[in-house]
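I opened this entry to look at how the parts of the chain meet. My notes follow the order in which I looked things up.

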Amino acid sequence: MMATAKKLEKFAVFGHPIGHSKSPVIHQQFAKQFGLDITYEAIDVAENEFEQTVREFGKNGGNGLNITVPYKLEAWQLADVRSERAELAGAVNTLKFSTGNNGELKIFGDNTDGVGLVTDIQGNYQVKIKNKKVLVLGAGGAVRGILAPLLDCQPQLLLLANRTVSKAEVLVEIFGHKGTIKATGFDNLADQQFDLIINGTAASLKGEVPPLPGTIFAKNALAYDLMYSAEPTPFMEWAKNQGAAKQTDGLGMLVEQAAESFYIWNGLRPDTGPVIKLLR
Ligand SMILES: NC(=O)c1ccc[n+]([C@@H]2O[C@H](COP(=O)([O-])OP(=O)(O)OC[C@H]3O[C@@H](n4cnc5c(N)ncnc54)[C@H](OP(=O)(O)O)[C@@H]3O)[C@@H](O)[C@H]2O)c1
């Protein structure tokens, strides 16, 4: 009797540019933990070719995709069905392909960024969010993706501070039904202290720190920068100098969001600790 060849599972991350992506290493490490044979490529997709490239990947036997900048909104539009968290985030970073009854390609879209962040904070850093005061800086795409999972943890207050206050107010409108969330500017924070301060602005990318008073850190506060880099980010350095008890970048979030995508595709939960250690 002929042995049936084991099917090779096929994944990739689509973005533009994509050269920096750590996702192929992360997913190969996860697959190794379960003895799974996968391919995972980082593919630079040219503008205007996103939808066509996604559909071809799915039709050619692709199982799933991660989607990164600048295609998360297009991925959201492309998905036939979306999870509730992706629906609220307005962005999709994980696509899963299947075949419908008539042989047509079906695309499921999810957003694992927020659950990745929450798992890193509560699991890896052991900082519980329930009943805590949380300050989130920024109101762009990354912040929109993390608000629902953060509010699901029932913080006492989630204060959303942004340079352009009106953008924070729009997000409060969208997410207000999920918990206590308020909008403010950076100049209204002088008398308040927070247990968890998340920098979701793009300031670190330019070597800058949002204009914040140094008094915002409660005792044992965790300062979390969504951006990750080999060196401590400007926000982490600033938080340390102001006396924040703990500081981290977003590398743990990156690995945890990947683990959630891996679970969506394969139904298996990888051990993230060794992978975070390897990347550090
Ligand atoms: N770890 C991970 O897995 C992960 C995943 C996704 C994103 N990220 C990181 O998240 C960060 C934000 O990305 P994004 O996609 O949300 O960007 P985005 O949509 O362009 O949003 C940028 C936000 O940053 C604010 N901002 C920009 N420069 C600023 C400055 N100098 N001072 C104060 N605020 C400033 C903007 O304020 P205005 O509204 O006033 O313009 C806006 O709220 C990036 O550092 C990115 O690397 C990490």
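Planes under 30 degrees apart count as stacked, over 60 as edge-to-face, and the rest as tilted. I also note that this is a predicted model.

**Entry 1. Aromatic pairs.**
I ran the rule and got nine aromatic pairs. I then looked up Tyr40 and Trp265. Their ring centres are 6.5 Å apart and their planes stand at 50 degrees, so I logged the pair as tilted. Tyr40 sits in strand 2 (residues 38–44) and Trp265 in helix 9. The two are 225 residues apart, and I noted that the pair links distant parts of the chain.

**Entry 2. Domains.**
Next I took the domain assignment. Domain 1 comes in two segments, 9–111 and 254–279, and domain 2 covers 114–249. I read 26 Å between the two centres, taken over C-alpha atoms.

**Entry 3. Buried area.**
I looked up the area buried between domain 1 and domain 2, and it is about 1000 Å². Carbon and sulfur atoms give 62% of that area. Which residues of domain 1 lose the most area to domain 2? They are Leu88, Ala89 and Glu256, and together they make up 48% of what the domain 1 side buries.

**Entry 4. Polar links across the interface.**
I searched the interface of domain 1 and domain 2 for salt bridges, and the rule finds one. For polar contacts I got three residue pairs across that interface, with both residues at pLDDT 80 or more.

**Entry 5. Salt bridges.**
Over the model I counted nine salt bridges. In one of my look-ups, Lys72 and Asp113 meet through their side chains at 2.8 Å, N to O. Lys72 lies in helix 3 (residues 72–78) and Asp113 in helix 5 (residues 113–124), so this pair ties together parts that are 41 residues apart in sequence. I also looked up Lys178 and Glu84, which form a salt bridge with their closest N and O atoms 3.8 Å apart. The cut-off for a salt bridge is 4 Å.

Methods. Residues are numbered from 1 along each chain as its sequence is written. This is a predicted model: local features need pLDDT of at least 70, side-chain atom pairs count only at pLDDT 80 or more; totals for chains, interfaces and linings use all residues. Side-chain values use heavy atoms; hydrogens and water are left out. Domain bounds come from an automatic or database domain assignment. Buried area is the accessible area (1.4 Å probe) that two parts lose on being put together, summed over both. A polar contact is a pair of N or O atoms within 3.5 Å; within protein, one must be able to donate a hydrogen and the other to accept it, and residues adjacent in sequence count only if both atoms are side-chain atoms. Rings of Phe, Tyr and Trp (its six-membered ring) pair if their centres lie within 6.5 Å; planes under 30 degrees apart count as stacked, over 60 as edge-to-face and the rest as tilted. Helices (H or I, at least four residues) and strands (E, at least two) are DSSP runs, numbered from the N terminus.
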